[in-house]
Number of protein chains: 6
Amino acid sequence: MPAKKPAKKPENMKVLMKRIFAPRTTVFAHCDLPCGVYDPAQAKIEALSVKAAMEKYHASSDPDFKSRAVAVKEERSHHVKEHLWVLWTDYFKPNHFEAYPQLHTLFNEATKLAGAAGTKGSNDVAVAEKLLAKIDEIADIFWATKK
Amino acid sequence: MPAKKPAKKPENMKVLMKRIFAPRTTVFAHCDLPCGVYDPAQAKIEALSVKAAMEKYHASSDPDFKSRAVAVKEERSHHVKEHLWVLWTDYFKPNHFEAYPQLHTLFNEATKLAGAAGTKGSNDVAVAEKLLAKIDEIADIFWATKK
Amino acid sequence: MPAKKPAKKPENMKVLMKRIFAPRTTVFAHCDLPCGVYDPAQAKIEALSVKAAMEKYHASSDPDFKSRAVAVKEERSHHVKEHLWVLWTDYFKPNHFEAYPQLHTLFNEATKLAGAAGTKGSNDVAVAEKLLAKIDEIADIFWATKK
Amino acid sequence: MPAKKPAKKPENMKVLMKRIFAPRTTVFAHCDLPCGVYDPAQAKIEALSVKAAMEKYHASSDPDFKSRAVAVKEERSHHVKEHLWVLWTDYFKPNHFEAYPQLHTLFNEATKLAGAAGTKGSNDVAVAEKLLAKIDEIADIFWATKK
Amino acid sequence: MPAKKPAKKPENMKVLMKRIFAPRTTVFAHCDLPCGVYDPAQAKIEALSVKAAMEKYHASSDPDFKSRAVAVKEERSHHVKEHLWVLWTDYFKPNHFEAYPQLHTLFNEATKLAGAAGTKGSNDVAVAEKLLAKIDEIADIFWATKK
Amino acid sequence: MPAKKPAKKPENMKVLMKRIFAPRTTVFAHCDLPCGVYDPAQAKIEALSVKAAMEKYHASSDPDFKSRAVAVKEERSHHVKEHLWVLWTDYFKPNHFEAYPQLHTLFNEATKLAGAAGTKGSNDVAVAEKLLAKIDEIADIFWATKK
């Protein structure tokens with residue numbers, strides 16, 4: 001990787017991504033090879049999309065747009081579920097579940113929050129925020145297991 | 001989200017993610033609603049998976065595993081292409097292409113590097129690294145347009 | 001798999017299916033509407049396909065056929081995971097997890113058995129049989145909750 | 001297919017499933033390996049989901065929910081078509097079509113009933129019931145060929 | 001591309017395609033809306049891809065490339081089946097089946113030729129050519145019904 | 001279908017399709033093997049479907065049908081994007097981009113016209129017609145490179 005311009009801001013993604021993939025950071029796995037690359041960011045990005053779609057739903061009065069927003073929210077909610085299921089089955093091992101006994105329930109609640117009883121069945125932004133909070137809790141544990 | 005301490009530590013993903021979504025960070029879009037959520041990290045995560053699959057391919061002598069590694073690499077390479085195409089078409093606007101005249105070529109080369117002439121047709125880790133470098137170049141521009 | 005009552009009759013599937021859908025049988029849910037139609041048979045059918053693909057793999061000496069068998073096994077194993085995840089998240093409710101405290105672990109183990117550490121990464125028919133046994137355990141609980 | 005005994009018992013699915021997979025039960029094919037595992041139950045489960053989605057559509061007055069119900073019905077109807085097409089092409093052989101000359105028409109009508117002229121284009125529960133009846137007719141023949 | 005045999009018949013694809021876009025030709029349907037846009041060219045393009053993948057398979061001695069060729073052939077063969085099934089169920093109506101009594105068998109044979117007993121299970125270019133010939137027969141009838 | 005302007009030019013699709021299957025035309029590639037089979041007709045067929053769905057949307061007063069038409073238009077618009085992206089990345093080579101400097105912009109505009117700012121976000125038939133015109137421009141160049 002060639003030399004880069006100095007990072008101007010610690011907040012920009014580029015810098016963050018560099019850190020994510022810096023040598024000392026052990027990373028990841030999500031393809032059942034397994035390739036070893038996992039990252040809760042995937043679920044989070046989709047959940048942010050769910051929340052944004054809800055906000056756009058409320059801001060619009062065009063029924064076709066609202067219908068599209070609901071459909072997008074449905075699809076993106078499903079992606080959230082998929083990414084979380086993969087983490088739960090493929091990344092976390094028995095010793096993790098022992099160390100974090102709340103982990104099963106956390107994942108079950110998070111995926112439910114992305115389903116019919118959650119962001120699929122609701123346009124309430126607060127529900128998307130609950131989902132995001134659960135994903136953050138999962139990410140905390142995920143990164144703790146990486147240390 | 002409050003101001004951040006300067007980065008000095010083996011900062012875990014959680015912290016990084018917090019910054020990603022800190023208020024001052026404008027975020028993104030990828031679902032054609034459009035929801036406004038875009039992030040080159042999606043392409044990068046898949047490209048890392050491609051590279052990891054190649055490494056596992058070389059490390060194994062089991063023909064079935066090697067065959068699975070090639071198939072996973074194929075699928076993940078395709079995901080890279082998809083994520084990049086979405087950025088190119090849906091996120092970048094005419095003014096961006098004016099400001100960064102190399103952008104079209106960059107995306108075309110990056111997606112080719114994830115295709116038959118790139119990581120799909122090769123098991124050479126150096127090809128995956130070229131792909132990763134291209135994605136980094138794209139991410140640099142992406143985040144520059146976010147400032 | 002627990003001991004079974006001896007099969008009394010050469011009862012064919014048709015008869016069984018008729019009973020399944022007889023008016024008094026309450027049935028099921030799997031689409032996040034939710035439509036209320038769930039059925040562990042979906043996971044079981046795919047797992048049987050996994051096992052059959054392994055058997056055909058071993059019975060063949062044609063490398064292209066063997067490669068196809070591995071690919072089919074990969075895809076069908078993924079379907080098993082999907083069907084099980086849906087049951088775990090969408091059908092089972094907190095009261096079920098209280099009544100059957102082993103349920104989380106059972107699903108986690110079953111989906112792992114359909115993944116890289118299980119039928120995806122192995123051609124061992126015994127692994128497919130373990131997967132089938134886990135699905136049977138889940139089905140037992142599923143149907144018990146339906147009573 | 002012989003005459004049926006009247007259903008005497010509230011037999012639950014679990015018991016039925018055990019019988020389905022009892023050693024003497026010949027089982028079946030659906031993946032183009034071919035693995036040899038076929039089962040009309042897959043189409044039936046999806047068709048039940050279509051019918052349930054219609055019922056929920058009529059029971060609701062929430063336009064977003066109704067829109068979701070229509071979308072779910074669309075997707076599940078498509079799954080019905082897929083499962084039936086696979087049976088028609090991959091399971092049934094020329095000798096079956098000779099023995100059951102109505103089979104082509106039956107499948108063509110059943111798949112049409114799951115399409116735009118059927119459950120996709122209609123919310124009429126009676127249409128879903130016609131589709132279910134056609135699937136039952138197909139299942140009768142399927143199981144007869146298994147004897 | 002090497003020299004070709006002279007086109008023997010007006011039924012060849014080239015001529016058919018001319019008809020597709022001829023002014024007087026009302027066009028088409030394939031999405032279950034139904035939108036009314038159908039076109040046997042979709043199946044043909046995929047079948048040409050199947051044949052080309054076989055040729056590349058035979059021309060290569062790289063086992064990874066050969067494995068990729070088999071996988072591509074598998075996927076494209078499936079697309080052929082899908083496009084043909086859609087035509088059979090969604091475009092053709094009872095009056096067509098009366099007028100062309102061979103149509104059911106033709107579609108059943110063509111889809112079988114794209115399945116495990118055909119281009120999926122074989123690398124024989126002659127099998128792909130048989131498939132292409134069947135698609136041409138179907139296209140002939142399709143365009144005849146459009147007149 | 002309303003009266004049309006007379007076809008002005010030999011560049012129209014009909015003429016192009018004639019060229020596709022003309023004996024001297026070397027054919028094609030779209031699967032990343034690469035198999036060498038590419039064809040802008042795939043994008044065009046999907047775009048025609050988009051336009052037809054819009055017309056059916058306007059002709060109907062059934063809200064469920066209109067909702068289905070919007071969903072179909074969404075899906076088919078996505079297929080247009082996919083087919084165009086594949087051509088842009090996989091078929092066109094650096095020498096083509098040199099010879100046709102407008103090609104990047106053309107593809108970027110065409111895929112945008114099939115996205116949220118185009119046929120996904122609009123029911124305006126004129127937008128679909130603009131998309132079709134762009135695809136025709138691309139097809140002109142495509143076939144010129146085949147000569």
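Biologist: What is the relative accessible area of Glu55(B)?

Modeller: This is a predicted model, where local features need pLDDT of at least 70, side-chain atom pairs count only at pLDDT 80 or more, and totals for chains, interfaces and linings use all residues; side-chain values use heavy atoms, leaving out hydrogens and water. Residues are numbered from 1 along each chain as its sequence is written, while chains are lettered from A and ligands numbered from 1 in the order in which they are written. Glu55(B) sits in helix α2 (residues 41–59) of chain B, a helix being a DSSP run (H or I, at least four residues) and a strand likewise (E, at least two), numbered from the N terminus. Glu55(B) counts as partly exposed (buried is under 20%, exposed over 50%, partly exposed in between, with a 1.4 Å probe and protein chains only), and its relative accessible area is 40%.

Biologist: What distance separates the C-alpha atoms of Glu55(B) and Arg76(B)?

Modeller: Along the chain, Glu55(B) and Arg76(B) are 21 residues apart. Their C-alpha atoms are separated by 14 Å.

Biologist: How are α3(C) and α5(C) oriented to each other?

Modeller: Helix α3 (residues 63–91) and helix α5 (residues 103–113) of chain C have axes 10 Å apart and pack at about 165°. Angles under 35 degrees count as roughly parallel, over 145 as roughly antiparallel, 65 to 115 as roughly perpendicular and the rest as oblique. α3(C) and α5(C) are therefore roughly antiparallel.

Biologist: Which residues of α5(C) does α3(C) meet?

Modeller: By class, this contact of α3(C) with α5(C) has six nonpolar, two polar and one charged residues. From α3(C) come Lys81(C), Leu84(C), Trp85(C), Leu87(C) and Trp88(C), contact meaning heavy atoms within 4.5 Å. In α5(C) they meet His104(C), Phe107(C), Ala110(C) and Thr111(C).

Biologist: Are α3(F) and α6(F) roughly parallel or roughly antiparallel?

Modeller: In chain F, the axes of helix α3 (residues 63–91) and helix α6 (residues 125–146) come within 12 Å and cross at roughly 30°. That angle makes the arrangement of α3(F) and α6(F) roughly parallel.

Biologist: Which residues of α3(F) meet α6(F)?

Modeller: On the α6(F) side are Leu131(F), Ile135(F), Ile138(F), Phe142(F), Thr145(F) and Lys146(F). The contact of α3(F) with α6(F) divides into eight nonpolar, one polar and one charged residues. The partners in α3(F) are Val80(F), Leu84(F), Leu87(F) and Tyr91(F).

Biologist: What share of the residues in chain A is buried?

Modeller: Chain A has six helices and zero strands. Its accessible surface comes to about 5,800 Å², with 57% belonging to carbon and sulfur atoms. Of the 147 residues in chain A, the buried share is 62%.

Note on methods: Axes are lines fitted to C-alpha atoms, for helices over the stretch in contact, and angles run from 0 to 180 degrees between N-to-C directions. Ala, Val, Leu, Ile, Met, Phe, Trp, Tyr, Cys and Pro count as nonpolar, Asp, Glu, Lys and Arg as charged, and the others, Gly among them, as polar. Accessible areas come from the Shrake-Rupley method with a 1.4 Å probe; for residues, only the protein chains shown count as cover.
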